[in-house]
Amino acid sequence: MSGHYRGAVLEDFTDAAVARLVAADRAGFWRTSEHAPDELVDRLADRVAGSPPVEPWRHRPRADLDAARVELLLGADTDRSLARLGQLARSSGAVRQMCGARGVWVPADGPARRRYLPQARTIVTARTADPRLEAFVDPGAVFGDPRGLGCALPLSVPLLVSDALLPAAVRGGGHAFVMSLCSECDADEDVRAGYGWASGMFDEERVESCPGYPPDGSPEPPRLRLAPAGERRWDDVGRLGGRPAWSQASPQWPDCCGRPMWFVGQLQTGEFGGVGGAIFGFRCECGHAAQSRQLT
Ligand SMILES: [Zn+2]
Ligand SMILES: [Zn+2]
């Protein structure tokens with residue numbers, strides 16, 4: 001799923017053409033329009049304006065093609081598509097909600113804005129570590145109480161991303177990715193829909209249900225560096241920027257302060273001694289951090 005615009009496939013965004021795209025790839029169809037040229041974005045946006053969706057896009061047996069066209073407009077991810085989405089979202093609540101679910105913020109006027117860096121960068125293991133990507137830092141340096149919310153074992157911070165690699169709007173103290181290595185409750189601890197924390201304190205109260213079982217061995221901290229922009233490699237352990245590679249068709253993008261949070265990046269937890277899956281890190285200008293998780 002490279003997602004780059006494949007000209008003729010989209011035709012004129014007729015119901016028949018869009019239905020074929022959705023049928024071919026329910027979770028990833030929306031990115032087939034990535035970087036589409038302006039005149040195509042305009043034709044798509046005109047169609048959305050002429051037949052706006054009644055409800056936001058949802059995974060259903062029978063696809064809502066009006067909503068699917070908005071998804072394609074979000075997938076285009078160009079300056080022109082953001083300008084058109086700004087206009088459309090201000091007259092359609094459904095379009096606005098769909099923007100939020102894809103990390104696109106609709107301000108009171110002007111173009112819609114990305115809450116992610118457009119260029120994704122791949123994190124790989126390396127002989128020499130990039131000091132901006134610190135693996136397994138002391139959780140006590142990040143959290144006042146580093147224990148899990150439901151587990152006595154201290155959490156692990158598989159990666160602390162330094163400010164230099166974060167979107168400019170959310171710098172300050174770096175961004176920590178958080179996971180549990182408890183051999184008993186790792187799933188329970190990690191499966192929570194959204195971790196949220198600010199100033200080293202979790203939003204939720206601790207309710208300890210697991211005494212904490214250390215893992216059999218402690219993982220060797222990997223040495224990490226960034227691969228050149230856009231490069232995909234067999235040894236990827238995560239990604240910074242771009243949009244989350246969610247496998248589900250109806251993702252939830254966390255909000256804070258009335259806008260979608262900034263997406264920081266994602267890590268493959270299996271590469272850091274955790275159970276298989278990925279964690280997705282988000283941050284807000286107010287200092288709040290959040291994380292969601294997807295098991296594989
Ligand atoms: Zn536990
Ligand atoms: Zn906030």
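In what sense do E7 and E8 pair, and over how many bridges? In this predicted model, in which local features need pLDDT of at least 70 and side-chain atom pairs count only at pLDDT 80 or more, whereas totals for chains, interfaces and linings use all residues, E7 and E8 pair in the antiparallel sense over 2 bridges. Residues are numbered from 1 along each chain as its sequence is written, while chains are lettered from A and ligands numbered from 1 in the order in which they are written. Helices (H or I, at least four residues) and strands (E, at least two) are DSSP runs numbered from the N terminus, and two strands pair if DSSP finds at least two bridges between them.

In the hairpin of E7 and E8, 2 residues stand between the strands, and Ser-199 takes a positive phi near 50 degrees. The bridge partner of Trp-197 is Phe-202 in E8. Strand E7 (residues 195–198) also pairs with E15, in the antiparallel sense and over 3 bridges; here Tyr-195 has Gln-291 of E15 as its bridge partner. These strands belong to an open sheet of 8 strands with antiparallel pairing, in the order E8-E7-E15-E14-E13-E10-E3-E9. Strand E8 (201–202) and strand E9 (224–226) are the edge strands, each pairing on one side only. Within the sheet, strand E13 (residues 262–268) and strand E14 (residues 277–283) form an antiparallel pair over 6 bridges, and Leu-267 stands opposite Ile-279 in E14.

The largest nonpolar core has 37 residues, and Phe-177, Trp-262 and Phe-282 have the most contacts inside it. Such a core is a set of buried Ala, Val, Leu, Ile, Met, Phe, Trp, Tyr and Cys residues joined through C-beta atoms within 7 Å. A residue is buried if 20 or more other C-beta atoms lie within 10 Å of its own, exposed if 12 or fewer, and partly exposed in between, with C-beta atoms placed from the backbone. Among the elements that each supply at least two residues of this core are strand E4 (133–137), strand E5 (156–161), strand E6 (175–179), E13 and E14. Residues up to four places away in sequence not counted, Phe-177 touches Val-157, Pro-158, Leu-159, Leu-267, Ile-279, Gly-281 and Gln-291; contact requires C-beta atoms, placed from the backbone, within 7 Å. A second, separate core of 31 residues includes Ala-63, Leu-85, Leu-88 and Val-106.

Cys-151 is found in the loop between E4 and E5. This residue counts as buried because it has 23 C-beta neighbours inside 10 Å. The C-alpha atoms of Cys-151 and Cys-210 are separated by 4.6 Å, although the two residues are 59 residues apart along the chain.

Helix H4 (residues 79–91) has 13 residues and should span 18 Å at 1.5 Å a residue, which agrees with the 19 Å between its end C-alpha atoms; the expected span is 1.5 Å times one less than the number of residues. Buried residues of H4 are Ser-81, Leu-82, Arg-84, Leu-85, Gly-86, Leu-88 and Ala-89. Their cover includes helix H2 (38–50), helix H3 (65–76), H5, E1 and strand E2 (113–114).

The protein chain is divided into domain 1 (7–114) and domain 2 (121–295), with bounds that come from an automatic or database domain assignment. The contact takes 10 residues from domain 1 and 11 residues from domain 2. On the side of domain 1 that touches domain 2, helix H5 (93–101) and strand E1 (104–105) are the elements that give two or more residues.

Definitions and conventions: Two residues are in contact if their C-beta atoms, placed from the backbone, lie within 7 Å.
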